Amino acid sequence: MNLLTIEEVSKSYSERILIDKVSLGISDGDKIGLIGVNGTGKSTFLKIIAGFEVPDEGRIIKGNKVNIEYLSQNPEFDSEATVLEQIFKSDTDVMKVIREYEVVLEKLQENPESESTLNALMRLNDKMDACNGWQVQDDAKIILTKLGITDFKQRIGELSGGQRKRVALCSALITPSDLLILDEPTNHMDNKIIDWLEKFLNKRKGALLMITHDRYFLDRITNKIIELDKGNLYSYDGNYSVYLEKKVERMALVDTLERKRESLFKKELAWIRRGAKARSTKQKARIDRFDELKAGKVDTSSDNLELSSASTRLGKKILNVEHIYKAFDDKKLIEDFSHTFTRRDKVGIIGPNGMGKSTLMNILSGVLKQDAGEIEWGETVKIGFFHQENGEMNENLRAIEYIREGAEYISTGSGEKITASQMLERFLFDKNTKHSFISSLSGGEKRRLYLLRILMEAPNVLFLDEPTNDFDIQTLAVLEDYLDGFNGVVITVSHDRYFLDRVSDKIFSFEGNGKIVQFVGNYTDYQEYIEKNPQVIEDNNEVNKEEKKELDNKEVAMDEAQDIKSDKVLKFTFKEKKEFDEIDGAIEQKEKELVDVNKKINDGSSDFEYLEKLVQLQKTIKVETEYLMKRWTYLNELVEKIEAQKNS
């Protein structure tokens with residue numbers, strides 16, 4: 001059944017044409033993904049369909065009983081409303097009944113003896129039954145819990161930006177609608193929530209239209225992809241994988257047609273240049289045909305960003321982290337985290353929101369100080385940090401002026417010099433846009449400009465905190481290609497599973513209570529390994545507890561041994577004498593073993609179970625070395641005390 005028809009819709013801002021005579025039909029059961037470069041008008045198109053913006057031309061034909069629910073990329077909130085009050089703010093009949101019921105219920109709690117309130121509640125009970133309000137109310141609480149919101153009476157103004165977006169998403173999901181429109185629903189959500197949302201939308205009845213940069217999400221939910229490109233809309237039946245195949249076919253066909261057109265155009269141009277005059281009907285027809293061919297040139301330029309990787313030279317010593325600990329008040333975020341970063345490490349940091357991922361990034365980059373532990377940076381390290389927020393951008397500057405503040409040009413690995421102007425063009429800022437003021441750019445264009453500014457400064461250690469938020473798929477694809485050739489370390493926090501698979505070869509997974517599991521491989525490798533070996537995280541925790549317990553017991557024994565009465569003659573036992581004679585060699589052997597294990601890990605392997613065993617062996621060797629060093633300290637202090645006693 002057809003729900004909505006879009007006929008010849010156009011929309012422009014100033015002289016910029018975003019949508020040019022676009023037509024589309026949406027039927028019940030369609031699950032449509034809308035893609036396109038940032039700034040092309042995707043969000044504007046959704047607003048027009050949802051009725052929040054009016055097109056310059058064309059019309060939207062909607063069925064009389066078709067309900068549309070729309071989730072904006074930046075929803076509006078009542079900061080004083082509770083979570084549940086915000087959820088039920090919709091103007092649909094069922095939401096009005098639920099709101100009225102909640103008000104009457106609150107009155108009854110204040111005055112249980114009020115007969116009029118009791119009568120009103122009885123009347124509303126019947127209404128709730130009729131409109132299925134009880135189910136909607138229960139669904140709201142279940143979905144909020146799934147989205148990580150458990151305090152339903154908390155004020156909206158007290159929530160974080162990500163939590164508010166999830167409240168708005170819940171409101172959209174529970175509101176009965178024939179067409180659900182979602183603008184970037186996965187932004188600021190962790191992987192577990194995205195997995196749940198994916199399953200929910202697959203089971204949901206009715207049509208779906210959404211913008212998202214999450215390619216796995218698109219691939220697993222959609223049955224149609226529409227692409228907004230230079231004002232035109234292209235439709236592809238199938239999911240994201242099918243779209244990629246059909247897009248290649250379409251572009252190949254366009255190129256073929258364009259080559260034929262150009263060949264004919266050249267022949268006609270040669271004839272025109274010979275001075276043909278339009279004296280006859282035949283000649284006039286040829287001149288008209290030339291004009292048509294000239295006007296009909298197809299734009300076959302690619303929207304792909306072409307970036308040449310550039311970075312400052314990086315020495316052998318990069319970043320060494322030993323036993324980092326960090327807590328805020330009583331909340332422990334990072335406990336006993338150690339890692340030695342090597343050249344070309346590509347690390348993905350994952351875990352639920354609020355676990356400490358950004359905190360770890362800030363500590364590693366020197367923005368935040370750890371409570372305990374040591375961090376050593378190499379002398380050649382040059383950090384570039386792409387934050388979740390754009391930082392300070394002088395919006396009175398033009399785009400090219402902002403980039404030139406970073407550098408006039410960059411040198412690639414091949415020695416090529418690329419100017420700021422050329423880099424802007426490769427970043428899809430055309431001749432007009434690159435001279436535009438930053439204040440006039442879209443949110444996605446500002447993010448792209450901010451990323452370019454960081455890359456222009458040629459860092460060799462790159463921190464990316466949620467780089468996939470607000471980026472279009474084309475930008476992400478080229479950023480991934482850029483990182484493939486990046487001759488430095490990349491450390492990224494992301495919830496985009498596809499992005500993590502493309503760029504990471506190591507995973508740091510936050511598992512709660514300060515525990516960070518380290519794994520060699522990308523995101524999918526890690527998930528598959530955990531599914532096959534669910535005991536790994538528990539085992540790791542138990543191993544660490546046992547190792548710590550053993551070490552603590554040995555330290556107690558050492559302390560007791562050191563607590564020697566002054567009147568007692570000090571001397572080595574036979575066991576201690578033997579241990580003292582052998583301990584230097586034992587420490588040297590452990591250090592060699594650690595070097596060997598580190599080399600095997602850094603050499604890489606496709607056998608991820610083997611690599612995980614190496615990582616565990618690395619931890620064990622470190623614990624054993626630490627114990628030997630403490631024994632070495634104790635034994636040498638005992639030698640000094642024995643010598644001092646002899647000389648006294």
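Biologist: Where is D229 found?
Modeller: In this predicted model, D229 is found in strand β8.

Biologist: Is D229 buried or exposed, and why do you say so?
Modeller: D229 has a relative accessible area of 13%. Buried means under 20%, so D229 counts as buried.

Biologist: What does the side chain of D229 make a polar contact with?
Modeller: Its partner is the side chain of K230, at 3.5 Å.

Biologist: Which strand is joined to β8 by 4 bridges, and how do the two run?
Modeller: Strand β3 is joined to β8 (residues 224-229) by 4 bridges, and the two run parallel. Within that pairing, I32 stands opposite K224 of β8.

Biologist: And what joins β3 to β7?
Modeller: There are 4 bridges between β3 and strand β7 (residues 207-211), which also run parallel. L34 has I211 in β7 as its bridge partner.

Biologist: How many residues of β3 are buried?
Modeller: For β3 (residues 31-35), 5 of its 5 residues are buried. In a regular strand, side chains alternate between the two faces of the sheet. In β3 both faces are covered, with K31, G33 and I35 buried on one side and I32 and L34 buried on the other.

Biologist: Changing topic to helix α7: what should its residues span, and what is the distance between its ends?
Modeller: Helix α7 covers residues 191-203, which is 13 residues. At 1.5 Å a residue it should span 18 Å, and its end C-alpha atoms are 19 Å apart, which agrees.

Biologist: What is found at the start of α7?
Modeller: There, a side-chain oxygen of D190 comes to within 3.1 Å of the backbone nitrogen of K192.

Biologist: Which residues in α7 are buried?
Modeller: The buried residues are N191, I193, I194, W196, L197, E198 and L201. As background, an α-helix has 3.6 residues a turn, so residues three or four places apart point the same way.

Biologist: On to the sheets. What is the order of the open sheet of 3 strands?
Modeller: The order is β2-β1-β4, with antiparallel pairing. Strands β2 (16-27) and β4 (57-62) each have a single partner strand, so they stand at the edges and one side of each lacks a neighbour in the sheet. On average, neighbouring strands here are turned by 10° against each other, direction ignored.

Biologist: How many bridges join β1 to β4?
Modeller: Strand β1 (residues 2-13) is joined to β4 by 5 bridges, and the two run antiparallel. I60 in β4 is the bridge partner of I6.

Biologist: Which helix packs on that sheet?
Modeller: Helix α1 (residues 42-50) packs on the sheet and touches β1, β2 and β4. The direction of α1 makes about 130° with that of β1.

Biologist: What is the order of the open sheet of 6 strands?
Modeller: That sheet has the order β14-β17-β18-β12-β19-β20, with mixed pairing. At its edges stand β14 (383-386) and β20 (515-520), each with a single partner strand, so one side of each has no neighbour in the sheet. Neighbouring strands are turned by 15° against each other on average, direction ignored.

Biologist: Which helix packs on this one, and which strands are touched?
Modeller: Helix α14 (residues 443-456) packs on the sheet, touching β14 and β17 (461-465). The direction of α14 makes about 175° with that of β14.

Biologist: And how do β12 and β19 run?
Modeller: Strands β12 (residues 346-350) and β19 (residues 506-512) run parallel and are joined by 4 bridges. G348 stands opposite I507 in β19.

Conventions:
Residues are numbered from 1 along each chain as its sequence is written. This is a predicted model: local features need pLDDT of at least 70, side-chain atom pairs count only at pLDDT 80 or more; totals for chains, interfaces and linings use all residues. Side-chain values use heavy atoms; hydrogens and water are left out. The expected span of a helix is 1.5 Å times one less than its number of residues. Buried means under 20% relative accessible area, exposed over 50%, partly exposed in between (1.4 Å probe, protein chains only). A polar contact is a pair of N or O atoms within 3.5 Å; within protein, one must be able to donate a hydrogen and the other to accept it, and residues adjacent in sequence count only if both atoms are side-chain atoms. Two strands pair if DSSP finds at least two bridges between them. Axes are lines fitted to C-alpha atoms, for helices over the stretch in contact, and angles run from 0 to 180 degrees between N-to-C directions. Contact means heavy atoms within 4.5 Å.
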